[in-house]
Amino acid sequence: MAEEEKKQERKKRRTATEAASSIGAMVKAAIGGTVKAKEEGKKLAYSFIVCSYDEIIRAMDVVPVWTENYAGVCGAKRDAERFLERAESQSFSRSLCTYALCGLGFDQWREELGEMPPDAPWGGQARPDFMLSSGQILCDPRNKWYQAAQQYMPDVPIYDVGLPYPLYEDDIEVADVQDYYIKYIVAELRGLVKFLEEQTGKKMDYDRLSELVDLGERTWNLIWETYELRRAVPTPMGTGDAMNTMVPMVFMMGTQEAYDFYLDLNKELKDKIARKEGVVEDEKYRLLWGGGLPSWFALTDFNYFNSKGAVFPVETTYRMIEPIYRLNMPDTNDPIERLAWRWLGYWTYWYDKAKKRPGSEPDVERLIQYIEDYQIDGVVMHEAFSCRTWHLGLIWQLNQLRKIYKPIPVLILGQDGKKGEEKRELPSLILESDIIDISTYSEVDTRNRIDAFIETLEQVRKNKADRR
Amino acid sequence: MNEQNSTVMSKVERYYKDYGIRARELKKEGKTVISYLCSLVPMEIITAAGLVPFRIRGNVNEPITKGDTNLETIACPFIRSCFDLSVKGWYDFCDGIVIPHGCDSMTRPYSTWRYTLGLPYSHFINVPHTVSGPSMEFFTEELNTFRKSLGRFAQKEIADSDLIEAIDLYNENRDKAKALYDLRKSDPPLISGTEMSKILTVGMSLPVTEANELFAEVLEELTQRKEAPVHKAPRIMVDGACIDNIDFVKLIEDSGANVVVDSLCIGTRDYLPHTDVGGDPLDALAHRYLDKINCPRTYREKAEGAYEKDLTARFGDIGSLGKEFKVDGVILYVYKYCDPFGFEVPARKAYLDSLNIPVLYLEDEYSAGIIGRLRTRIQAFLEMIE
Amino acid sequence: MSDYFAGIDIGSTMTKVVIMNDGIISSIIGPTGPEQRRLANRVMENALNQAGLPFDAITYLVATGYGRINVPFADKQVTEISCHAKGVAHLFPECKTIIDIGGQDSKGITIDHGRPTDFVMNDKCAAGTGRFLEVIAEALEITIEACGGMALKSKEPAQISNICTVFAEQEVVARLAEGVPLNDLVAGILESLASRISRMVKRLKVANEVVITGGGAKNAGLVKALSDKLGYATLVPPEPLITGAVGAALLGKDIVQKATKNSLPLERKKRSLEEIEIL
């Protein structure tokens with residue numbers, strides 16, 4: 001790699017919060033920690049984020065190896081290409097999920113060498129003792145990735161946890177189907193406990209699990225309250241930072257460390273709000289990151305938005321929590337059942353709201369809620385070519401948003417003192433690249449699009465001013 | 001080939017070219033047509049409700065245009081084509097759509113389909129990813145939800161006896177499909193791969209009783225064929241996701257091979273498995289659609305963590321078809337952006353290697369315009385295995 | 001009278017004709033570009049003139065390459081995969097792996113006794129073919145021929161992150177403006193191309209000897225970069241463009257010999273130099 005690029009990489013991205021800037025070291029320590037844990041004889045599990053099994057793994061003292069995280073780290077360090085190429089040489093199509101390709105390329109290399117590949121980012125990804133797949137509505141690769149990895153590690157067993165949730169339908173209420181969904185999810189999670197007991201040779205301590213589930217629920221509530229602080233004008237924290245502060249949420253749920261992290265963040269945001277300290281000095285446009293995983297190698301694009309006076313007080317991506325007390329969870333002391341209800345509650349959280357607005361749909365309803373709560377001027381999405389999970393349906397959501405949200409009038413008081421009414425104009429921008437495949441990214445092209453978008457926002461504002 | 005003189009084959013040809021012609025006629029006669037995607041929707045339940053099931057097909061000769069304004073181009077190109085034709089009104093005789101949880105490409109945009117088409121009925125069937133006691137129980141409940149929902153729409157309570165009757169009709173259809181496949185065992189085969197693809201695709205556009213009649217006519221005529229419609233040539237199996245156009249099979253046959261069997265939808269994967277009879281009909285349907293349809297979207301681990309043995313559990317059916325139909329080579333045909341199949345390519349290749357069956361892996365984009373670029377690869381493969 | 005065998009390899013940019021009896025007696029390379037697409041027959045004509053033979057003297061003629069389908073005077077069509085295998089094995093009997101880098105496609109072939117055992121091909125994306133180099137060379141205002149030598153002079157090849165030809169073009173122009181030395185940029189481009197080809201070829205079971213053919217083989221910088229990426233020493237034939245045509249001629253010879261031995265009839269086409277319609 002050219003010297004100048006190395007320098008660029010070392011230069012740290014500017015974050016608005018201290019909390020976000022502390023994340024890099026945290027992730028590095030966590031990845032290094034898995035390698036160390038392996039040497040200490042602890043059991044390691046390849047795991048996927050957002051699978052409702054965090055507290056179970058923690059209660060069993062199993063060390064999760066978050067394979068999506070490691071691929072993201074390779075991407076952020078702009079060092080994913082050699083692993084992607086290796087996967088491609090194994091006959092995996094480059095059009096597949098690049099997280100998985102990166103992980104498979106890495107695994108194949110590590111297994112071939114019998115040690116970490118040369119200069120593996122942050123010490124490398126440790127060999128697991130078992131792998132926890134997840135069969136959900138969410139993501140095909142979660143069901144296929146580890147099975148493909150087994151080709152290089154035939155001795156490493158898999159447990160596939162089924163985690164469905166019902167899709168939004170006109171003629172069916174969640175209440176009509178939730179009993180058999182919960183029954184199935186509970187059976188799957190109990191199957192996981194049994195699998196882990198067999199693999200680790202120890203019994204689940206259900207009191208401890210209950211404590212961790214309590215802690216997890218408190219953390220959910222705390223994150224929600226903390227993120228809601230970002231409604232403030234100027235906003236004290238943007239999506240660029242949130243792409244860091246998601247780390248304890250999705251990689252450390254059920255740990256005291258995660259809870260403490262959000263306590264600190266909460267305090268930091270409150271202090272900033274008190275001092276009226278925003279992400280940018282002169283906040284001009286408030287944007288919603290309305291969908292899509294970020295390009296991990298190009299998080300500085302958020303700084304570029306900031307340089308134009310645009311901030312992101314809210315995002316749908318990685319906001320994997322809702323306030324527990326609003327999830328309609330029944331009273332139960334069984335921690336496994338609580339995890340199942342939390343799973344179902346989270347994914348169907350917006351269904352009731354959607355039913356109330358004709359033509360709406362849960363994902364669209366969520367966008368509308370955020371647009372109103374956070375006083376949003378425009379929506380930005382990212383379409384990562386290799387990930388169908390998070391990136392199919394986004395265009396339609398924007399179209400539908402335009403269709404059903406337009407009639408909402410905003411009352412204004414004109415300069416002449418007359419009351420007027422105007423329709424919300426909400427420009428949107430879709431960026432196109434990938435999560436970690438840098439070869440599809442063009443900085444010039446991306447920034448041109450951002451410039452054009454900012455000009456549109458300016459024009460919309462000017463039109464409004466002219467009408468007053 | 002005496003296709004021109006054959007009335008039944010020209011009927012097949014007409015139904016293939018004007019796909020949905022019968023459903024459109026039935027709609028005019030006052031019938032209700034329910035469209036669906038993928039092989040995981042139990043057609044038996046739709047038939048039992050007294051409705052006409054109709055499988056949505058893509059078209060490799062129709063460029064994808066209108067669909068792209070509402071569905072991302074990173075979706076599976078086959079699904080994109082299905083969506084494009086639907087929004088262009090090709091299937092405007094349908095009253096409803098049923099989408100199963102096959103893969104991300106059909107599941108994630110469920111709302112996109114539902115709202116864009118704006119049909120009176122829509123339903124999503126959640127298919128679990130594993131085959132186990134709890135998942136089978138869940139899936140049976142999920143099929144029951146579908147049965148009730150569709151019953152409300154059809155204003156008919158779907159009784160067990162209705163289901164049993166439909167199951168018998170579809171099992172009859174599967175027997176006939178099997179008889180058609182048997183005609184391909186001789187060398188040269190008595191039916192070309194291109195003809196077979198047409199017949200099987202057409203079958204998915206008809207009410208099952210009509211499909212049964214058509215297959216019976218085809219069988220009667222083909223068993224009387226004096227000579228094979230094709231010459232002796234390398235015997236090829238096509239393995240892959242969903243092929244609902246003849247163009248690819250025709251390209252292989254034009255390159256000098258006979259396609260004698262497949263491991264595909266529309267093909268052996270969805271046409272051959274029977275539904276068990278005698279027990280609870282819904283349980284039997286759940287068993288067929290979750291366990292018997294061997295699609296990589298469902299995780300299969302039968303040998304308890306032993307990867308090598310799992311290969312046989314996962315792909316054994318491909319191996320036995322290869323043996324039964326005496327294939328000389330396999331063409332593994334996978335669409336770009338197909339995560340369920342894409343992640344299996346090395347494993348499928350390794351499995352076929354272990355059986356000493358030569359395999360050619362091709363990635364394609366579901367477009368007749370560029371399918372020709374595969375010609376050289378196919379010809380080179382045939383030269384290689386000759 | 002001795003038998004003559006001809007091979008015509010119609011590629012997307014060049015048409016190659018070889019006439020053989022015991023050895024090569026004539027070989028001609030001429031353009032097939034968009035303007036000359038009907039002129040492939042001229043190359044045949046030139047080869048016959050060079051050999052001093054009437055067309056009727058050719059016992060058997062095999063056409064190969066992208067334009068093989070519509071050669072009216074060819075007795076048989078065989079894919080370039082089989083022809084390269086045959087031709088390269090004739091020149092390098094120990095060869096196990098062939099990498100052919102053409103103008104619009106690139107391919108890898110593993111061979112055993114002159115027959116292909118497996119192959120991979122890229123013809124979909126310009127980035128892994130000679131076309132990539134052509135576009136970049138144009139953007140940098142240098143000739144393709146100069147690229148190889150320039151790259152070899154570079155001590156620190158530039159890192160080119162974009163694979164897509166259009167993006168890569170933007171990138172090199174921007175990097176040039178930043179002051180990255182031209183030699184380093186060219187070396188970076190060749191490394192990027194080599195990496196693209198190498199990861200395709202690695203899908204095969206690569207083994208020694210590795211032979212590189214096609215227009216790309218004439219680029220010393222690319223050959224070196226490819227050897228480095230693959231981790232194998234590579235060999236280049238004296239004329240890397242004609243291996244497909246040589247193989248075609250040799251396959252024709254095999255066909256005739258087999259037919260003679262088994263007293264089978266040989267199907268042959270009329271020897272008239274009609275225009276070739278290349279699709």
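These legends walk through close-up views of a predicted model.

Residues are numbered from 1 along each chain as its sequence is written, while chains are lettered from A and ligands numbered from 1 in the order in which they are written. As the model is predicted, local features need pLDDT of at least 70 and side-chain atom pairs count only at pLDDT 80 or more, but totals for chains, interfaces and linings use all residues.

**View 1. An open sheet of 5 strands in chain C.** Follow the order β8-β7-β6-β9-β10, where the pairing is mixed. Strands are DSSP runs (E, at least two residues; helices are H or I, at least four), numbered from the N terminus, and two of them pair if DSSP finds at least two bridges between them. At the edges sit β8 (115-122) and β10 (234-235) of chain C, each pairing on one side only.

**View 2. Strands β9 and β10 of chain C.** Here β9 (residues 210-213) runs parallel to β10(C), joined by 2 bridges. Look for C:Val210, whose bridge partner in β10(C) is C:Thr234.

**View 3. Where chain A meets chain B.** Chain A brings 51 residues to the contact and chain B brings 47; residues are in contact if their C-beta atoms, placed from the backbone, lie within 7 Å. Elements giving two or more residues on the chain A side include β3 (130-136) and α9 (174-200), and α8(A) supplies the largest share, 6 residues.

**View 4. The two domains of chain C.** Domain 1 covers 4-85 + 242-261 and domain 2 covers 93-235, with bounds from an automatic or database domain assignment. Their centres, taken over C-alpha atoms, are 27 Å apart.

Terms used:
Contact = placed C-beta atoms within 7 Å.
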